[in-house]
Amino acid sequence: MERLSLIKRMWAERRLGFLMDEIMQGTHHFVNGFGPEGEHEMFFEVTWGTRHIAPYLNPFGANFMSNFLEGTVTVGGLVEKAACRGTLDLKYFSEAKIRYKFTFKDEKGVPYSYVGEKVNIRPWNLHRTHTTCYGTITNLETGKDISKSILYFKIDTVPAFIKSVRLG
């Protein structure tokens, strides 16, 4: 009863939101001679969601299906469990894609951005398009791309992903 009252109050105040935990993992390779040659491990562990469900669900608003994102990123040869923060935009209807955008810094304080996309999302190919993310890391001081990646949402993480959903 008390929980239902809290949910009703949060909804009335437009504070009802949700949170989810996600892990994407795969490999990356440095470009333009930035780092060591070959494939290197890359993964990020993030929490994403929205704090206000009404603007999130408004198809005419600027925040339609746009989530905050924060957690850690490991990029072999660059950073290990660096704090990251940004957005996760579910662009199902406008662009048929999901876009992850976040920033992080290396140990020297050099800022980087990561942009990764799950593309060509259609109802008949969700098993492929919802699990594969193509990304680029850019050095924000130079504006140069330094890495390309392919990350995956592993099927065996689905139970933990679903269990992570919570009101926030």
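Which residues lie nearest the centre of the largest pocket?

1. **Pocket centre.** This is a predicted model. E22, I98, K118, H130 and F161 lie nearest the centre of the largest pocket. The lining counts 15 residues. The volume is about 190 Å³.

2. Four elements each give at least two residues to the lining: strands β1 (18–30), β4 (79–91) and β5 (97–105), and helix α4 (158–163). By class, the lining residues are eleven nonpolar, two polar and two charged.

3. **Aromatic pairs.** How many aromatic pairs does a search of the whole structure find? The search returns eleven. One of them joins F18 and Y56: the ring centres are 5.4 Å apart and the planes meet at 75 degrees, over the 60 degrees required, so the pair is edge-to-face. F18 belongs to strand β1 and Y56 to helix α2 (residues 53–57), so this pair ties together parts that are 38 residues apart in sequence. Are F18 and Y56 buried or exposed? Both F18 and Y56 are buried.

4. **A stacked pair.** F104 and Y112 also form an aromatic pair. Here the centres are 5.6 Å apart, with 20 degrees between the planes, and the pair is stacked. F104 has a relative accessible area of 3%, under the 20% limit, so F104 is buried. Y112 counts as buried too, because its relative accessibility is 2%.

5. **Aromatic cluster.** F104 and Y112 belong to one aromatic cluster.

6. **Charge over a ring.** Where does the charged end of R51 sit? The charged end of R51 is placed over the ring of F68, at 3.9 Å from the ring centre.

7. **Cysteines.** The search of the whole structure finds zero disulfides. A disulfide needs the two sulfur atoms within 2.5 Å. C133 is likewise in no disulfide, with the sulfur of C84 as its nearest cysteine sulfur.

8. **Cysteine burial.** C84 has a relative accessible area of 5%, so C84 is buried. C133 counts as buried because its relative accessibility is 0%.

How values were computed:
Residues are numbered from 1 along each chain as its sequence is written. This is a predicted model: local features need pLDDT of at least 70, side-chain atom pairs count only at pLDDT 80 or more; totals for chains, interfaces and linings use all residues. Side-chain values use heavy atoms; hydrogens and water are left out. On a 1 Å grid over the protein atoms alone, a cavity is a set of points where a 1.4 Å probe fits but cannot get out, and a pocket is an open set with protein on both sides within 12 Å along at least five of seven lines; lining residues have an atom within 4 Å of a point. Grid points are joined across faces, edges and corners, and a volume is the space filled by probe spheres set on the points. Ala, Val, Leu, Ile, Met, Phe, Trp, Tyr, Cys and Pro count as nonpolar, Asp, Glu, Lys and Arg as charged, and the others, Gly among them, as polar. Rings of Phe, Tyr and Trp (its six-membered ring) pair if their centres lie within 6.5 Å; planes under 30 degrees apart count as stacked, over 60 as edge-to-face and the rest as tilted. Buried means under 20% relative accessible area, exposed over 50%, partly exposed in between (1.4 Å probe, protein chains only). A charge sits over a ring if NZ of Lys or CZ of Arg is within 6 Å of the ring centre and within 35 degrees of the ring normal.
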